[in-house]
Amino acid sequence: MKVIIGREASRPDARPVASVTMKLVDDPTAALAGLPIEDGGLTGMDAVGWLDSTWVLHDFELEVAREPASDLVWERRRWADVASEPISPRLQSSTRPPSSWLLPRELGGTTTEGSMQGESVRGLLEVLAGVTRVTDTCYAFYAQMTTWDFDSLALYEMSWDVPHVFGSVNLPSSSPSNLWPADKSWFVWTDYDLCATKVSGSPELITAVRTHALLETVEWPRD
């Protein structure tokens, strides 16, 4: 959901509807084996066990005047370029991962909690596509706070099909709370309450995430 820094967030969208390339998993037991669904079913699962991980900050936008008409438009800015002090040191002593209350309030722009959008999505998917075949089975989990269905689990099985995971007209504006391939070689966690997404995997994969031109990452020492 869109969050204006320093203001109250809006209610999320309704439960996702499966697209032609996604099917709801009737019995998610096998797909969720080894994952902390008991703790993460509400807002998203923070799984551990990979060799490395990093946090991708969600797109930060400022309203700026564009010439020649001086119309106001929203443009992405890197957190590091607009913050008055480095963000990473603010996380070193924090007991919580990156969330909007911890990030600089003086920026005055907007970001999203619980969803990746824009260039951050494009950059992350470019990295993941480099280690994922189109035919690979993947899973997309939407936490109960994103679907507002507290009686069941919204777990979808699919082939690696980017357009139907992010930005499809059949899905809510929020990205999946968790995304992972069947072999669990990598794992993505976008918690409902956070404005950064945790990516876990091999050291090579995480290095590619940290160095991608479209991605801005921070480290949280408690991972």
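Buried means under 20% relative accessible area, exposed means over 50%, and partly exposed is anything in between, using a 1.4 Å probe and protein chains only. By that rule, Tyr-142 and Tyr-156 are both buried.

Some ground rules come next. This is a predicted model, where local features need pLDDT of at least 70 and side-chain atom pairs count only at pLDDT 80 or more, while totals for chains, interfaces and linings use all residues. Residues are numbered from 1 along each chain as its sequence is written, and side-chain values use heavy atoms, with hydrogens and water left out.

**The sheet**

Helices (H or I, at least four residues) and strands (E, at least two) are DSSP runs numbered from the N terminus. Two strands pair if DSSP finds at least two bridges between them. Strands of a sheet pair through backbone hydrogen bonds, either parallel or antiparallel. Here, eight strands make an open sheet in the order E2-E8-E7-E9-E10-E11-E3-E12, with antiparallel pairing. Its edge strands are E2 (22-24) and E12, each pairing on one side only.

Let's walk through part of it. Strand E7 (residues 137-142) pairs with strand E8 (residues 154-159) over six bridges, and Tyr-142 has Ala-154 as its bridge partner in E8. Four bridges join E7 to E9, with Tyr-139 standing opposite Trp-180. In E9 (residues 178-181), Asn-178 and Trp-180 point one way, Leu-179 and Pro-181 point the other, and all are buried. Two bridges then join E9 to strand E10 (residues 187-189), where Val-188 stands opposite Leu-179. E9 and E10 form a hairpin with five residues between them, and Lys-184 in the turn has a positive phi of about 55°.

**Aromatic rings**

Rings of Phe, Tyr and Trp (its six-membered ring) pair if their centres lie within 6.5 Å; planes under 30 degrees apart count as stacked, over 60 as edge-to-face and the rest as tilted. The count comes to seven aromatic pairs. Here are two of them:

| Pair | Centre to centre | Angle between planes | Type |
|---|---|---|---|
| Tyr-142 and Tyr-156 | 6.1 Å | 85° | edge-to-face |
| Trp-148 and Phe-150 | 5.8 Å | 80° | edge-to-face |

Tyr-142 in strand E7 and Tyr-156 in strand E8 are 14 residues apart, so this pair links distant parts of the chain. Trp-148 is partly exposed at 35%, and Phe-150 is partly exposed at 40%. Ring pairs also link Trp-50, Tyr-139, Trp-180 and Phe-187 into a cluster.

**Helix H7**

Which residues of helix H7 (residues 203-211) are buried? They are Leu-205, Ile-206 and Val-209. Seen down the axis of H7, these fall within an arc of 95° (taken from the directions from the helix axis to the C-beta atoms), so they line one face of the helix. On the other side, Glu-204 and Thr-211 are exposed.

Contact means heavy atoms within 4.5 Å. The buried residues of H7 pack against strand E3 (52-57), helix H4 (118-129), strand E11 (196-201) and strand E12 (217-218). Ser-200 sits in strand E11 and counts as buried, at 4% relative accessibility. Leaving out residues up to four places away in sequence, the contacts of Ser-200 include Trp-50, Phe-187, Leu-205 and Ile-206.
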